[in-house]
Amino acid sequence: MSERLIEILELDGDLATGLEGDDREAALRNCVSPAVTVGAGSWDPHELDSPDPEGFGLLVLSGFLVRRVGQGGHSGAELLGPGDLLRPWQTVGQMASIPFEPRWEAISDARIAVLGASFARRAAPYPTVASQLVARAMLRARHLAVNMAIVQQARIDTRLHMLFWHLADRWGRTGSAGVTLEVPLTHKLLGDLVAARRPTVSTAIAALAKTEKVERTEKGWLLRYTA
């Protein structure tokens, strides 16, 4: 569902890094774009208007998406959340030697800004905005590399514990008992993220809970400091 134009730099203040004074105020006013709301469930990005090759792509403002890629019933998964930049129309394509086409799912209601050509023109007088968006794309690649390193760990409980803390560094909230991660991570999704089967993940989660390293909460997960 489309929304009115929104001020992107007000909602994602890090994109205004390096801007000061009048330049910052002008950028806050001028860097606007439409946004869409995606309901939880399967998502086809092609339901949006035609891709805009002159734009930056889509910026996740809130909520969480999963991108799955696989063949033969086996899939790897990438978790995307607030701050991530994506261009879902860019894929390996049918011409690849081994084509892997992605499947998208919103695991919670998500709000996404459409940073098309109009936004790119509005942001052009403020080059630091573009550099921050490029940094987001690079950070996404770095996070994938970290996930690959996590998957190399031999023990599933170790993979899960490392993954939880990696995600907590991105989206967690600190508290007196630990870090709260309000992300709807099912055992099936966790399995896709750490390359393990769901029953094995359930066993490993139980082991982590027994040692008080990780606790399931009503809204997500609690990672304890002292474990």
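Alanine 195 sits in the loop that runs between helix α6 (187-194) and helix α7 (198-210). In this predicted model, the phi angle of alanine 195 is positive, about 60 degrees, although the residue is not a glycine.

Glutamate 212 is a second case. The loop that holds glutamate 212 lies between α7 and strand β13 (214-216). Glutamate 212 has a positive phi of about 60 degrees and, again, is not a glycine. Its relative accessible area is 54%, so glutamate 212 counts as exposed.

**Accessibility of selected residues**

| Residue | Relative accessible area | Class |
|---|---|---|
| Serine 33 | 1% | buried |
| Methionine 138 | 42% | partly exposed |
| Glutamate 212 | 54% | exposed |

**The open sheet**

Four strands make up an open sheet, in the order β3-β10-β5-β8, with antiparallel pairing. The edges are held by β3 (35-38) and β8 (85-86); each has a single partner strand, so one side of each is left without a neighbour in the sheet.

Strand β10 (residues 110-115) pairs with β3 in the antiparallel sense, over four bridges. Within this pairing, valine 36 has isoleucine 112 of β10 as its bridge partner. Valine 38 stands opposite alanine 110, also in β10. Strand β10 is paired with strand β5 (residues 57-62) as well, in the antiparallel sense and over five bridges. There, glycine 57 has leucine 115 of β10 as its bridge partner.

Serine 33 belongs to strand β2 (residues 32-33). With a relative accessible area of 1%, serine 33 is buried; the limit for that class is under 20%. Leaving aside residues up to four places away in sequence, serine 33 touches Arg4, Leu5, Ile6, Ile8, Ala113, Val114, Leu115 and Phe119. Among these contacts, Ala113, Val114 and Leu115 fall within β10 (residues 110-115).

Helix α2 spans residues 21-30, and its buried residues are Ala26, Ala27 and Leu28. The cover over these buried residues includes strand β1 (6-7) and helix α1 (8-11). Ile6 and Ile8, both touched by serine 33, lie in the ranges of β1 and α1 respectively.

**Helix α4**

Helix α4 covers residues 127-151 and contains histidine 143. Histidine 143 touches His166 and Arg170, not counting residues up to four places away in sequence. Between histidine 143 and histidine 166 there are 23 residues of sequence separation, and their C-alpha atoms are 8.6 Å apart in space.

Methionine 138 is partly exposed, with a relative accessible area of 42%. Methionine 138 and glycine 116 are 22 residues apart in sequence, and the C-alpha to C-alpha distance is 19 Å.

**The protein as a whole**

The protein has seven helices and 14 strands. For 227 residues, a compact globule would have a radius of gyration near 17 Å; the value for the protein is 19 Å, which agrees. Taken along the principal axes, the box filled by the C-alpha atoms is roughly 55 × 50 × 30 Å. Of the 227 residues, 41% count as buried.

Among contacts with a separation of 6 or more, 73% are between residues 24 or more positions apart.

How values were computed: Residues numbered from 1 in each chain as written. Predicted model: local features only at pLDDT ≥ 70, side-chain atom pairs only at ≥ 80, totals over all residues. Heavy atoms only, no water. Helix = DSSP H or I, 4+ residues; strand = E, 2+ residues; numbered from the N terminus. Buried < 20%, exposed > 50% of the residue type's maximum accessible area, 1.4 Å probe, protein only. Contact = heavy atoms within 4.5 Å. Rg over C-alpha atoms; globule rule 2.2 N^0.38 Å. Pairing = 2+ DSSP bridges.
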